[in-house]
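Me: I am new to reading protein structures. Can we go through one together, feature by feature?

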Amino acid sequence: MSAALLSACAQPGRILGTAQGDLALPEGFEVAFNHRSDRRYRSPLTGQQRPGDDLEAFLRKALLEARQEVLMAVQELALPDLADTLIALHRRGVTVKVILENTYSTPWSRTHAADLSEHGRRRLDQLRRLADRDGDGQLSLEERRRGDAVALLQRAGVPLIDDTADGSRGSGLMHHKFVVIDGRIVVTGSANLTASGLHGDAGAPRSRGNVNHLLQIHSAELAGLFAEEFALMWGDGPGGASDSRFGRGKPERPARRVMVHGTPVEVLFAPHSPRGERHGLALIGTTLAAAEKEIDMALFVFSAQSLTEVIAERVSRGVRVRLVADPGFATRSFSEVLDLLGVALPDRRCAIEAGNAPLQRGLQGVGTPRLARGDKLHHKVAVVDGSRVISGSFNWSPAAAHTNDETLLVIHSPLLAAHFTREMNRLWSGADLGISAALRRRMDRDRRRCGNAGAP
């Protein structure tokens, strides 16, 4: 790494492009961002007004339009008010079916901290805090009963399965985040249906939740593709034969294109074999490779070396690149954010990841946004040439492409792209770019710990 690059300090991003205010949307689309600065709502956690769109209200409004069927496939559902909405629909005669990831399908009120991992114990503590409506530090029987979304669904008889319904221990992750309403509306995006995913962490008033978005798309043809994916996973439902299909047990399907009121939308459901060329990383790579002017990215996980190679090639052709990545993942040893910065970090065994190839000259337009403690940048988003949007549950990783149940969308719309560019501008403003002070300290610690193992 050059001395000039090492001496470069992190610099804040500069706002470019569209000002705040209402932007037009393509017909059939709605989009909401829980951290946007030009909208406000009352937080259900604190009761205070806060910036952003209320993603929970956004989804609930769509659900209340249901007259026949709601198909929900989400990694986690831990919001009692949303559970109550589903229960009300179920009791009204609407067919409601729910698929969860197996890690989150057991009611938290029936678990014990001693049986959980450290992550599980932290999650349980958060859920208990959220259920403690009177704030006295003790959970009454009524608070336990009312505060557990999964238990509420089970008691009401709402049909629910997880990714062990195929007879396995579960897929890599049932990571979908989509809802299909009456075969004509799809709600999808990056958000998990939890307080931390939408509103913030309990007991942390500065927290505003993980940075997320949701899309609502009105299209019977697109809804049909999502319903097909749901049907593969659902099989014959709870208590039936092990004919559900998750992960690599599902048939591999290529990306399919539909028109939503004149807007082309490509949709791909993962996973796929790494030996083929129809997987999600290939679709993302093809989309990025077509960039002629600019690529904006806001990413939670970025660990796919093949996409770094595509980005580097585009940069060599004069394409401008801006990337903001989640601070917690950006400095992990397998992070491709490091490669784009021209940095290699060893893992806990002082080993460099196999095939690691940091750029000889790190990019200046790469960094991390400034977030409240505990909040994560959870988008999986790119905007290419201000005209194409990559969205969905799909993190930019081999696991997303080849193991998990995931949704990946490529939407061809300058109007929609403008909304995501505005979100990128917001994240970019004040972001720490280049080699931050925190990253430099990490590099120094690793050199002391591992010698020259951290040098590219």
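Me: Which residue has its backbone nitrogen 2.8 Å from a polar atom of the side chain of Asp-405?

Reply: That residue is Gly-247. Keep in mind that this is a predicted model.

Me: Where is Asp-405 found?

Reply: Look in the loop between helix H13 (398-402) and strand S18 (406-412).

Me: Is Asp-405 buried or exposed?

Reply: The idea is to compare relative accessibility with a cut-off. Buried means under 20%. Asp-405 has 0%, so it counts as buried.

Me: Which side chain makes a polar contact of 3.0 Å with the side chain of Asp-405?

Reply: The side chain of Ser-171 does.

Me: What else is in contact with Asp-405, leaving aside its neighbours within four places in sequence?

Reply: Ser-171 and Gly-247 are on that list too. Among the others are Leu-173, Met-174, His-175, His-176, Met-233 and Phe-246. The list also includes Lys-250, Ala-270 and Pro-271.

Me: Let us turn to sheets. How do strands pair?

Reply: Strands of a sheet pair through backbone hydrogen bonds, either parallel or antiparallel. Here, an open sheet of seven strands has mixed pairing. Read its order as S2-S10-S9-S8-S5-S6-S7.

Me: Which strands stand at the edges?

Reply: Strand S2 (29-33) and strand S7 (160-162) do. Each has a single partner strand, so one side of each is left without a neighbour in the sheet. From one strand to the next, the twist averages 10°.

Me: In which sense do strand S5 and strand S8 pair, and over how many bridges?

Reply: Strand S5 (residues 69-74) and strand S8 (residues 177-181) are antiparallel, with five bridges. Take Val-74 as an example: its bridge partner in S8 is Lys-177.

Me: Which helices pack on the sheet?

Reply: Helix H2 (residues 55-63) is one of them. H2 touches S2, S5, S8, strand S9 (185-189) and strand S10 (213-218). Its direction makes about 20° with that of S10. Helix H14 (residues 414-428) also packs there, touching S2 and S10. The direction of H14 makes about 5° with that of S2.

Me: How many residues of H14 are buried?

Reply: H14 is mostly covered, with 11 of its 15 residues buried. Among them are Leu-416, Phe-420, Arg-422, Glu-423 and Trp-428. After H14 comes Gly-430, with a positive phi near 85°.

Me: What does the span check give for helix H3?

Reply: Helix H3 (residues 80-91) has 12 residues. From first C-alpha to last it reaches 16 Å, close to the 16 Å expected.

Me: Which residues of H3 are buried, and what covers them?

Reply: The buried residues are Pro-80, Leu-82, Ala-83, Thr-85, Leu-86, Ile-87 and Leu-89. Their cover includes H2, S5, strand S6 (95-100), helix H5 (141-147) and helix H6 (149-156). Gly-93 follows H3, and its phi is positive, near 100°.

Me: What is a disulfide?

Reply: A disulfide is a covalent bond between the sulfur atoms of two cysteines. This structure holds one. Cys-350 and Cys-450 form it, with their sulfur atoms 2.0 Å apart. The pair links distant parts of the chain, 100 residues apart. Cys-350 is in the loop between helix H12 (336-341) and strand S15 (366-368). Cys-450 is in helix H15 (residues 437-450).

Me: Is the link of Cys-350 and Cys-450 left-handed or right-handed?

Reply: Check the angle about the S-S bond. It is -70°, and the link is left-handed.

Me: What is the relative accessibility of each cysteine?

Reply: Cys-350 has 26% and counts as partly exposed. Cys-450 has 14% and is buried.

Me: One last residue. Where is Thr-287, and what does it touch?

Reply: Thr-287 is in helix H9 (residues 280-289). At 8% relative accessibility, Thr-287 counts as buried. Not counting residues up to four places away in sequence, Thr-287 touches Val-384, Arg-388, Ile-390 and Val-410.

Conventions:
Residues are numbered from 1 along each chain as its sequence is written. This is a predicted model: local features need pLDDT of at least 70, side-chain atom pairs count only at pLDDT 80 or more; totals for chains, interfaces and linings use all residues. Side-chain values use heavy atoms; hydrogens and water are left out. A disulfide is a pair of cysteine sulfur atoms within 2.5 Å. Helices (H or I, at least four residues) and strands (E, at least two) are DSSP runs, numbered from the N terminus. Buried means under 20% relative accessible area, exposed over 50%, partly exposed in between (1.4 Å probe, protein chains only). Two strands pair if DSSP finds at least two bridges between them. Axes are lines fitted to C-alpha atoms, for helices over the stretch in contact, and angles run from 0 to 180 degrees between N-to-C directions. Contact means heavy atoms within 4.5 Å. A polar contact is a pair of N or O atoms within 3.5 Å; within protein, one must be able to donate a hydrogen and the other to accept it, and residues adjacent in sequence count only if both atoms are side-chain atoms. The expected span of a helix is 1.5 Å times one less than its number of residues.
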